[in-house]
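Please examine the sequence and the structure shown below. The paragraphs that follow lead through selected features, one group at a time.

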Amino acid sequence: MSFVSPLFLWYFMPAILIAVLVCPRGWRNGIIAVGSLVFYATGAGAFTLLLIACMVVNFLAGPALEPDEWDMSPSGRRRRLLIGVIAFDLSILFVWKYAGFATEQIAWFAQLFGGDFPIAELALPIGISFFTFHHISYVVDIYRGERRALRNPVSFGTYIAMFPQLAAGPIVRYHEIADQLPQHRQHRLDDIAAGFPRFALGLCKKAIIADSLAPFVDACFSTPDDEMTFAIAWLGAIAYTLQLFFDFSGYSDMAIGLGRMLGFRLPENFARPYSAVTITEFWRRWHMSLSRWFRDYVYIPLGGNRAGGHKTYRNLWIVFILTGFWHGAAWTYVIWGVYHGALLVLERATGWSRTPASVGARAGRRALTLVLVIVGWVFFRAPDLGQALSMIGHMFTPDFGGLTDVVDSALTNQRLVLLLVAMAVFFLPATPVLGPLLETARSKPATALRVGLMTVGVTYAAILVATGTFSPFLYYQF
């Protein structure tokens, strides 16, 4: 079930909100937990049993991971249990997400010597990368003593399976939400009034902009190499840069808005990333919940930047190779991670990670950062490494070729207008960020924007949804 499907918008979401609103406060977590499993089952089917099995293992391990005065040794029982639970979580992720990729590499190597090896073909469970990271955050935060383990399985189910963030984030670290799980909720109508404009913003981003750009992006990236031109390569890369942002940030806005309507404050995930002046700053603004997760559970445990320059560079490389691989089992994602890791290491080594003081220098660095990000997204979107390198080659080989008939027909007047409007995010200042502004600001412009989104914006988006022009969120595949 997608946030932009009629089933969700007109039946599921209203039913859950009404149930939470009218039922006793103590029923909230139960309603959300059960509703979330139903939400997941409509799209994942039998994989719901896999999610439940992972939840059972991590829930039962939680109390045994809590620090106590009798077992504080780093090599003690708790540490062994933590390693075992994390190994279980990662093994589930590896089998279902990476077994096919791993067997493909083995089969390729075997063919070099005339051998044969079977390739595993497994369907990818929706949201497995996200609920795996939630489970790891839960057990690690308990092990570190940052929060107590949950004894109530309903509360645990609410955290792991909460439908706003289950399929594509934001990645909510356990210590960020643990204090919100007790059902001390007073102003339920206030939460709905604050969360719905945020949800409406995300719906408009997805249905009006991202989905409208999708056919043009597909046409550009499916252009054969012998027909690819400088114009198609750049237009396709720019359009995908915008499609991905409006699709994923739209999902995050909808998730945060839904969470708020249910009484939870989920972490922000985007903060005008295309206004970044450096790649370092870009990663402080793009998919922030993923960056924070890798910082807390990988980068800092590896030593962070405390062990000197060379080890800091090593840690950055490790984190971003894992970041790329987390997104998908393909060499294109690995290369994308290596690419960003290299840029971060280069910025840190040269001092370019610091924001320039002068306005002119900041403008130039912002333009350079945007170009580097756009080039990186080609690896992220291309179906294979050869296609990515071909497209990037055309991006840096100017020619006088125009658009093919297929690409030209995909670039309708409506899509051209939306593309130009969407490009405004390349030039907007770094602040304020629109999503949080809609929730908190009480100025007349903010109020007018809220009213416009909840009337004109939602109405137009609903018409698009009703006509069946929506598509799945891009991050569902991760």
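R144 counts as partly exposed because its relative accessibility is 39%. This residue forms a salt bridge with E146, and the closest N and O atoms of the two are 4.0 Å apart. E146 is likewise described as partly exposed, with a relative accessible area of 33%. The model under discussion is predicted, and 17 salt bridges are found in it.

A further salt bridge joins R198 and E268, where the closest N and O atoms are 2.6 Å apart. This pair links distant parts of the chain, for R198 belongs to helix 9 (residues 188-221), whereas E268 is in the loop between helix 10 and helix 11, 70 residues apart. With 2% relative accessibility, R198 counts as buried; E268, at 24%, is partly exposed.

The side chains of E439 and R260 also meet in a salt bridge, at 2.9 Å from N to O. Because E439 lies in helix 19 and R260 in helix 10, the pair ties together parts that are 179 residues apart in sequence. E439 is buried, with a relative accessible area of 10%, and R260 is buried as well, with 11%.

The next topic is the division into domains. The domain assignment gives domain 1 as residues 6-184 and domain 2 as residues 191-277 together with 355-476. Taken over C-alpha atoms, the centres of domain 1 and domain 2 are separated by 28 Å. Contact between the domains involves 29 residues of domain 1 and 23 residues of domain 2.

A87 lies in helix 4 (residues 77-112) and is partly exposed, with a relative accessible area of 42%. The C-alpha atoms of A87 and A461 are 43 Å apart, and the two residues are 374 residues apart along the chain. L368, in helix 15 (residues 359-381), counts as partly exposed at 38% relative accessibility. Its C-alpha atom is separated by 8.1 Å from that of V277, which is 91 residues away along the chain.

The backbone also deserves attention. A cis peptide bond joins T431 and P432, with omega at about 0°. P432 is placed in the loop between helix 18 (413-422) and helix 19 (434-440). R272, a residue other than glycine, has a positive phi near 50°. R272 is found in the loop between helix 10 (230-261) and helix 11 (279-285) and is buried, with a relative accessible area of 19%. H287, again not a glycine, has a positive phi near 45°. The loop between helix 11 and helix 12 (288-299) contains H287, which is buried at a relative accessible area of 0%.

What do L49, I52, V56 and L60 form on the surface? They form a nonpolar patch, with about 380 Å² of accessible area together. L60 is located in helix 3 (residues 47-61) and counts as exposed, its relative accessibility being 60%.

Finally, the cysteines may be considered. A disulfide is a covalent bond between the sulfur atoms of two cysteines. The count of disulfides here comes to 0. C23 is buried, with a relative accessible area of 17%, and C220 counts as buried at 0% relative accessibility.

Conventions
Residues are numbered from 1 along each chain as its sequence is written. This is a predicted model: local features need pLDDT of at least 70, side-chain atom pairs count only at pLDDT 80 or more; totals for chains, interfaces and linings use all residues. Side-chain values use heavy atoms; hydrogens and water are left out. Patches are made of residues with over 30% relative accessible area and no salt bridge: like charges are joined within 9 Å, nonpolar side chains (Val, Leu, Ile, Met, Phe, Trp, Tyr) within 5 Å. Accessible areas come from the Shrake-Rupley method with a 1.4 Å probe; for residues, only the protein chains shown count as cover. Helices (H or I, at least four residues) and strands (E, at least two) are DSSP runs, numbered from the N terminus. Buried means under 20% relative accessible area, exposed over 50%, partly exposed in between (1.4 Å probe, protein chains only). A disulfide is a pair of cysteine sulfur atoms within 2.5 Å. Domain bounds come from an automatic or database domain assignment. Contact means heavy atoms within 4.5 Å.
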